[in-house]
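Let's take a friendly walk through this fold, from its helices to its core. Keep the structure open beside you as you read.

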Amino acid sequence: MNSSSPPTTMKGAPESTPLGSADHVVVEGSMKAPPSRYESQKRRDWKTFLQYLRNHKPPLTLARCSGAHAIEFMRYLDQFGKTKVHVLSCPYFGHPHPPSPCACPLKQAWGSLDALVGRLRAAYEENGGEQDSNPFAARAVRIYLRDVREGQAKARGIPYEKKRKRGKDVPAAGSDVYAGDAGNFQDA
Ligand SMILES: [Zn+2]
């Protein structure tokens, strides 16, 4: 018995779809669909990066960006991170669930950085950048990401390869915002 849908026979009833009907997509005279979450996040990331370049000292243009600058940008973002990364001297180093707070810094989780790099790598080329000079595709960036992943896994006590026995690559622990293409992530 399905009597939850509103009556449709009423004349002059408003045509608008009730809130909560997620299937309803408004197309107003154009093919413009609302950007996906990935797309809007990518645009935001790209804007943030351009902003970062504008404020860079000494001044830095997109054309002169290297992998080193991409890494510098990720380090800059650490101040906005929410992932506690224990320093070696912290008694909770290697504890996944410390019993009390400590003074260790908050950083960007590896998974967030990995996804960010994937988005910016795409954005760079979508905005006219050459594939060969893409700072986010640089080898140094891959190495940096790998180091962050291993460092965070140790600091947080996360055995990120614990499912290795299954013989399949699994997303690493800590990749809470995993949205990238970690398939390109090579353990060189
Ligand atoms: Zn700590």
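Helix axes here are lines fitted to C-alpha atoms over the stretch in contact, and angles run from 0 to 180 degrees between N-to-C directions. This is a predicted model, in which local features need pLDDT of at least 70, side-chain atom pairs count only at pLDDT 80 or more, and totals for chains, interfaces and linings use all residues. Residues are numbered from 1 along each chain as its sequence is written.

The protein chain has 4 helices and 2 strands (DSSP runs of H or I, at least four residues, and of E, at least two, numbered from the N terminus). Their order along the sequence is α-α-β-β-α-α.

H2 packs against H4 at an angle of about 35°, with the axes 7 Å apart. On the H2 side the contact uses Gly67, Ala68, Ala70 and Ile71, and on the H4 side Arg139, Ala140, Val141 and Tyr144.

Ala70 and Val141 are also among the residues with the most contacts inside the largest nonpolar core, which has 21 residues (a set of buried Ala, Val, Leu, Ile, Met, Phe, Trp, Tyr and Cys residues joined through C-beta atoms within 7 Å). H3 gives this core its largest share, 8 residues.

How values were computed. A residue is buried if 20 or more other C-beta atoms lie within 10 Å of its own, exposed if 12 or fewer, and partly exposed in between; C-beta atoms are placed from the backbone. Two residues are in contact if their C-beta atoms, placed from the backbone, lie within 7 Å.
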